[in-house]
Amino acid sequence: MKKLVKALGAGALLVVLTLSCGMAMTESVSAKVGYTKKAINKNEQFGTIKAEVGYQLVQLKGDSPAIKKINKALKKDYKKFMKGSNAKEVKSYAEETSKVSKEEDTYYWNETSSVKYNKNGVISIVISTQWYAGGVSNVDLYGLNFDVETGKKLYVNQVCGKSTKYIKNKLYKALKKSFEADADYEKVVDTVKNKRTKKIRFYIKKNGKVMVSFEPYELLYGGWYREFKVGKINLLW
C-alpha cells in the first residue's frame, strides 16, 4: 500500500482518505441506535379498586448532544403522561367508586413503548396507551420521531419527502373511502384541513411505511385511534 501511494502521489492518498471517511459516515448513519426501556409504575389501592398508572420510558444509549436532546424529549412525554388529566382521573374515579362499590376492579392509564424504525439516522418510537375507569376504555397510539444526528423532532412532511398538501391529499382520499357515507363526513375533512403540519401525529413502521394516527373521538365517535398510510420514508438529506 505504501509503495502504491508513493507511486501515485498525494492525490491518490487524498482519494483513499476521502473514500474511507465516506464509508465510515455511511456506516454511522445506517447503524441502529442502542436503547434501554424501563417500566415505571405508580399504583394505588382504594378499597377494592386498584388504580394503575404505568409508562415504559425509552432512553437512547450515548452521550452526544443529539442523544441527550432526544432523551430529554422522551422524559418530557413521560412526565406529561404521568401528571396529566388521564392519570388524575383514573385515581379520582377509583377513589369515588370505592366509596359506593365493594366489587374488585382495576382502573388504569398505561403506556407501552415500541421502537419500530431505527436506521438511516432516524428513530421512530410508537407510544400505545390504554385508559379505563369503569366505563368505556380508550385506546390510542402515536409516534415520537427523531433525527439521531441532530436530536431534532421530525415532522411527517420531512420524513415522507413530500409537501404538507401532498400528505393531506393522501388523507382526504383515505377519509373519503372510510367515512364518506357518514353524516359528519365534512367535519372529518375539516379536522384534517385545519391541522397544522407540526400537529400531525405519525410513526414509521419497520418496513418504512409512514402511518398518520388520530386520537379517539378526534375524527368520529369511538374510543379508539384511527390510522392511515400516507407514504414511505423518503429522506431528503
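Modeller: Glu96 counts as partly exposed, because its relative accessibility is 46%. The model in which this value was computed is a predicted one. The partner of Glu96 in a salt bridge is Lys99, and their closest N and O atoms are 3.4 Å apart. Lys99 has a relative accessibility of 56% and therefore counts as exposed.

Arg201 forms a salt bridge with Asp140, with 2.9 Å between the closest N and O atoms. This pair links distant parts of the chain, since Arg201 belongs to strand 7 (residues 201-204) and Asp140 to strand 6, 61 residues apart. Both Arg201 and Asp140 are buried. Another salt bridge joins Lys195 to Glu218, where the closest N and O atoms are 2.7 Å apart. Here too distant parts of the chain are linked: Lys195 is in the loop between helix 7 (185-193) and strand 7, Glu218 is in the loop between strand 8 and strand 9 (226-232), and 23 residues separate them. Lys195 counts as buried because its relative accessibility is 18%, and the limit for buried is under 20%.

Apart from neighbours within four places in sequence, the residues in contact with Ser213 are Leu141, Tyr142, Arg201, Arg226 and Glu227. With Leu141 there is a further detail: the side chain of Ser213 reaches the backbone oxygen of Leu141 at 2.9 Å. Ser213 has a relative accessible area of 2%, so this residue is buried.

Helix 3 (residues 65-83) comes next. At 1.5 Å a residue, its 19 residues should span 27 Å, and the C-alpha atoms at its ends are 27 Å apart, so the two values agree. Its buried residues are Ala66, Ile67, Ile70, Asn71, Leu74, Asp77, Tyr78, Phe81 and Met82. Why do they lie on the same side of helix 3? They cover an arc of only 150 degrees around the axis, which puts them there.

Two of the buried residues of helix 3, Tyr78 and Phe81, form one aromatic cluster together with Tyr55 and Trp109. In total, the structure holds 8 aromatic pairs. One of them is the pair of Tyr107 and Tyr132, which is edge-to-face, with 5.7 Å from centre to centre and 90 degrees between the planes. Because Tyr107 lies in strand 4 and Tyr132 in strand 5, the pair ties together parts that are 25 residues apart in sequence. Tyr107 is buried, with a relative accessible area of 5%. Tyr132 is likewise buried, at a relative accessible area of 17%.

How values were computed
Residues numbered from 1 in each chain as written. Predicted model: local features only at pLDDT ≥ 70, side-chain atom pairs only at ≥ 80, totals over all residues. Heavy atoms only, no water. Buried < 20%, exposed > 50% of the residue type's maximum accessible area, 1.4 Å probe, protein only. Polar contact = N/O pair within 3.5 Å; in protein donor to acceptor, adjacent residues only side chain to side chain. Contact = heavy atoms within 4.5 Å. Helix = DSSP H or I, 4+ residues; strand = E, 2+ residues; numbered from the N terminus. Expected span 1.5 Å × (residues − 1). Arc of directions from axis to C-beta. Salt bridge = Lys/Arg side-chain N within 4 Å of Asp/Glu carboxyl O. Phe/Tyr/Trp six-rings, centres within 6.5 Å; stacked < 30°, edge-to-face > 60°.
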